[in-house]
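Let's take a walk through a protein model, one stop at a time. Keep the 3D view open and follow along.

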Amino acid sequence: MSGIPVLTLLTVLPLVGAAIALWSGKHARGVAILTTGACVALALSVWTQLPANGSIGLVEVHKWAPSLGIEYHLGVDGLGALMLVLSAIVTLMSVDAAHRVHHQPGLYFGLVLVLESGLFGSFTALNFFHWFLFWELSLIPAFFLIKLWGGTKRGPAATQFFVYTMAGSVALLVAFLAVFVATRSMDFPHLTLLASTGELEQMVTAHLGPVTMWLAVGVLAGFAVKVPMFPFHTWLPAAYAEAPSPVTMLLTGAMSKMGVYGLLRIAIPLFGHQIAQMRTPLLVLAVATVVMGAWAAAAQKDLKRVFAYSSVNHLGYCLLGIFALAVPYSLGDAGQLASQAAALNGVILQMFNHGVTAAALFWFVALLQQRTGGHRGIDDFGGLRKPAPVFAGLMGIALFSSLGLPGLNGFVGEFLIFRGVFSLAWVASTVSILGLLVTAAVVLTVIQKVFSGPVPEHCKGFPDLHTGERMALAPVIGLMLLIGLLPQLIVNSVNPTVQNLLAHWRF
Amino acid sequence: MLAWTIYLSFAGALIEALLPKGKAALARWVALAVAVSGLALAVQGFVAAMGSDQGVRTVIVDAAWVPAMGVRFLLAADGISRVLVLLTGLAAVAGVLFSWNIELRTNEFFAFFLALIGGVYGVFLSFDLFLLFVFYEIAIVPKYFLIAIWGSTRREYAAMKLALYSFVGSAMVLIGLLAAYAASGSHSTGLIALGNANLPIGFQMWAFPLVFVGFGILAGMWPFHTWAPTGHVAAPTAASMLLAGVVMKLGAYGCLRVAIGLFPQGLDPWGFSFIGVGSWRDVFAVLAVAGIVYGALVALAQTNFKFVIGYSSVSHMGFVLLGLVTLNQIGVTGAVLQMFSHGIIAGLLFAIVGRIVYERTHTRQLAELETMHLSKRLPFAAWAFVIAGIASMGLPGFSGFVAEFQVLVGAWIAKPWWTLAAGVGIVVGVAYTWRAMQKAFFSDAPQTAHSLEQEHAHPLAALTWPEITGTVLLAGVSLVVGLYPKILLDAIEPAVKTLLAGGGR
């Protein structure tokens, strides 16, 4: 497919779908399924076209506004392509799950598709302007999806979500303004190159004084809100709980990855040295994210909030891996690089796995709500394995995947992260294991309370999954098993990228 | 050909004035025809100059006018002029479209409207100071009548205030210009000739602030901005659009072309500094930043929807002034782009608030709009405001982002703290836009049976074609420029370069 601008095509496709969906009223969901299905196929084709050496491929470069350092520069490596596949899958799942949008379905699915385009754009952009455009573009539809289709407290939740993310974006923008003033470039690969030789810091210092550290803080703040990292996570539970469940799937499955991706594509490559200087406090925050997320999940009564905090916990492992591998000194042996590579492979796998698993969990919550007239409290259910064995089985697999059971996808990423982090920052990894234990307790409590015990009155006629739902969910559960058993499907393509990234990072 | 934009507009104004009363439809169509022809000429002029050196001014008309004083009828254009003429053309077409429902003395309304437009075209194309000043004055008079006759809230007061502020500004400009003419000793009022006259630095030191403030008043420079919010609010929609869209740009254009162009050394350091302020440049940067932050904060506190937009104009014009005093390529380019961008976006915001919403709800109070569920009843207006609001907040993808980004970069190069202070204005800008949008369109006011019944009994009128066309036109332009700023930057950058180089810096 050389010569065809696949990545541009991928970004534009959902926008076209959105335009059609807006005008197709009741048939909007059909349009959305077709569009997102096509996007999955296209994203998979991108995945197969990656360069074998892990460098950035499928590059498209065009002039845009050269005097401002703005270029139309697209490309993906294993990391970007995996995120494309994930976004495409999660959006398809979300559209699948949203079959009860009665209120303005055209607008709803239009916004979902615009959001998808925002995801694709930000995962393929290699120029700050272009990236920022799509980063913000994804924010607007997300806001309105919460605001217009959310639960009873949707107004404040949507506003909080928007204000937090905007504040993060402003920090990012100011930092990049400074980078641009100093280097006259907004091109990620170029800036990465400058940073890897230390020139970036010299140029910033020459133009603006010793502010590189502050720029690193600004960039980190922008991503910390999005991921989110403790203590910037407070917008998340309200937003995840108030958003309609299919939208929560998008928020946690795909949008939270924009933050982690930003750390890997922008923060570490450009400010790896500064981040390494701040490694200890950052590791403390990462560990706090892991542990706090798990404990907070244990304290919740609302299933959506349980899974919301559990998402915070799972993304905390990504933060842990990223900050742990930013070692400001060399241990002087080959083991260090191997550990860093393991941690980074783990982080990238964890991004994918958490996306699929968390989206699936919120899907199951949506199904629970549909079947019981909106109940989603952890104590509202019981004994569901009797009336709905297939439902219980499939949701059980998703829950165990979230727990990190070997053989399922969740295990591989977390294992690799701990494998890497343990030799790089053993205290952090030891404390974080607490998070694993508490998460296990949370998941088992959910299984216990929802699937066993006496069946409450309103769950008596709880219908099992019908054929359509089984067919929709089966591929997702299958994917969890597939990645769990054959992680090399992803690792084989991601590992060259990991080596390539590590070779260009300077701590 | 660009000169015809001026002639055509004045001819249109004359025809409108002579039209028989009571032929409202005819008056509208004539006005639209004139405005569209003007836009077509502006586009043609813009496109024809693409690829040529936009830094060099192209003389369009050059004829002796008052030979005794060396005054010539000199119309010319460089990249900056062409961009602003294009803006004027767009604002004129949109203004006519959003005035489609004017029933009171329709032909007179459009006569004043077109005269104002003609004056604005004239200012942007004049390269003779005297001529520029004449057009500048011509533009003030119709403004007064547009507000005083067709305005709303406290219209006489607002119109008079606007006119007085404008005339005070003009007087300051005039004094500066006459002094420059006398001091130069040359026998010409041409901008270029005066610019090359090597005016003594001591003279420039007092002439520069006089002229800069004189023009700055019309650009909404804090603390001389107070005419702007009252004027914008009182004016009929089309006049608000023109006031914010192009008239404020006249002031900013004068600051750049005349004040900075003629008296570049007026910006030099005084040789001493007082609390970090060591030149007129610092003074005006402080005023610009104050305007950005003050305008944004005041907008945040408004209860009247139109006042929110009125104060936001003060804030956004602060970016223009800040960009101008950076005196570097990127900052000044950003300022010119911001003139264009704000002209489009403010026009769109005023159109939605003053026309689309007000004509149907008859209120501009946010508290009342909050109870009306407008996102459901006027979805087009709600989503148009979302787009305009996003553009106004300076989110990427729209023209405002590129412009403000450049101004911020320019300011950072000049003095980083300017950027930080202006950055605060951006954050507050997000907040007030967001607040207004939430309250006016997306509030969660409970829908009682009674209110539903009421809403059912009094449905809001559907949007008309001129409203939709105008909205799409303005939003589309902002989007195109936001996504492909090169289209305008190619014209602005060389012209700014020449201007700054000519300014001896």
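Where in chain B does B:Gly220 lie? Look in the loop between helix H8 (201-218) and helix H9 (227-234) of chain B. Keep in mind as you go that this model is predicted.

## A glycine in a loop of chain B

Is B:Gly220 buried or exposed? B:Gly220 has 32 C-beta neighbours inside 10 Å, so it counts as buried, since the cut-off for being buried is 20 or more. Leaving out residues up to four places away in sequence, B:Gly220 touches B:His225, B:Ala228, B:Met248, B:Gly291, B:Ser313, B:Val314 and B:Met317. Now find B:Lys249: it sits 29 residues from B:Gly220 in sequence, and the C-alpha to C-alpha distance between the two is 9.5 Å.

While you're in this loop between H8 and H9 of chain B, look for B:Pro223 too. The peptide bond that leads from B:Trp222 into B:Pro223 is cis, and its omega is near 5°.

## Another cis bond, this time in chain A

Chain A has a cis peptide bond as well, running from A:Val227 to A:Pro228 with omega near 0°. You'll find A:Pro228 in the loop between helix H9 (212-226) and H10 of chain A.

## An enclosed helix

The buried residues of H10(A) are A:Trp235, A:Leu236, A:Pro237, A:Ala238, A:Ala239, A:Tyr240, A:Ala241 and A:Glu242.

What covers the buried residues of H10(A)? The cover includes H5, H6, helix H11 (245-277) and helix H13 (303-325) of chain A.

For a contrast, jump to strand E3 (residues 269-274) of chain B. E3(B) pairs with strand E4 (residues 277-279) of chain B in the antiparallel sense, over two bridges. One end of a bridge is B:Pro269, whose partner in E4(B) is B:Ser279.

The hairpin made by E3(B) and E4(B) has two residues between the strands, and B:Ile275 takes a positive phi near 35° there.

## Two helix pairs in chain A

How do helix H12 (residues 279-298) of chain A and H13(A) cross? Their axes come within 7 Å and cross at roughly 160°, which makes H12(A) roughly antiparallel to H13(A). The crossing of these two helices, H12(A) and H13(A), is left-handed. Among the residues making the contact are A:Leu282, A:Leu283 and A:Val290 of H12(A) and A:Tyr309, A:Leu320 and A:Phe323 of H13(A). Sorted by class, the contact of H12(A) with H13(A) has 16 nonpolar, five polar and one charged residues.

Now try helix H16 (residues 409-424) and helix H17 (residues 426-451) of chain A. They pack at about 140°, and their axes are 6 Å apart. That angle makes H16(A) oblique to H17(A). Here A:Phe418, A:Val421 and A:Phe422 of H16(A) meet A:Trp426, A:Ala428 and A:Ser429 of H17(A). The class count for the contact of H16(A) with H17(A) is five nonpolar, one polar and no charged residues.

## Two arginines with positive phi

A:Arg184 isn't a glycine, yet its phi is positive, near 60°. A:Arg184 sits in the loop between H6 and helix H7 (188-196) of chain A, and it is partly exposed, with 14 other C-beta atoms within 10 Å.

In chain B, look at B:Arg105, another residue other than glycine with a positive phi, near 45°. The loop that holds B:Arg105 runs between helix H3 (79-97) and helix H4 (106-125) of chain B. B:Arg105 is partly exposed, with 16 other C-beta atoms within 10 Å.

## Where the chains touch

Finally, zoom out to see both chains. How many residues of chain A are in contact with chain B? There are 20 from chain A, in contact with 20 of chain B. On the chain A side, the elements that give two or more residues are strand E1 (57-65), helix H5 (128-149) and helix H6 (154-183). The largest share of that side, eight residues, comes from H6(A).

By class, the side of chain A that touches chain B has 16 nonpolar, two polar and two charged residues.

How values were computed: Residues numbered from 1 in each chain as written. Chains lettered and ligands numbered in written order. Predicted model: local features only at pLDDT ≥ 70, side-chain atom pairs only at ≥ 80, totals over all residues. Contact = placed C-beta atoms within 7 Å. Helix = DSSP H or I, 4+ residues; strand = E, 2+ residues; numbered from the N terminus. Nonpolar A, V, L, I, M, F, W, Y, C, P; charged D, E, K, R; others polar. Buried ≥ 20, exposed ≤ 12 C-beta atoms within 10 Å, placed from the backbone. Pairing = 2+ DSSP bridges. Axes fitted to C-alpha atoms, helices over the stretch in contact; angles between N-to-C directions. Parallel < 35°, antiparallel > 145°, perpendicular 65-115°, else oblique. Left-handed = near helix turned anticlockwise from the far one by under 90°.
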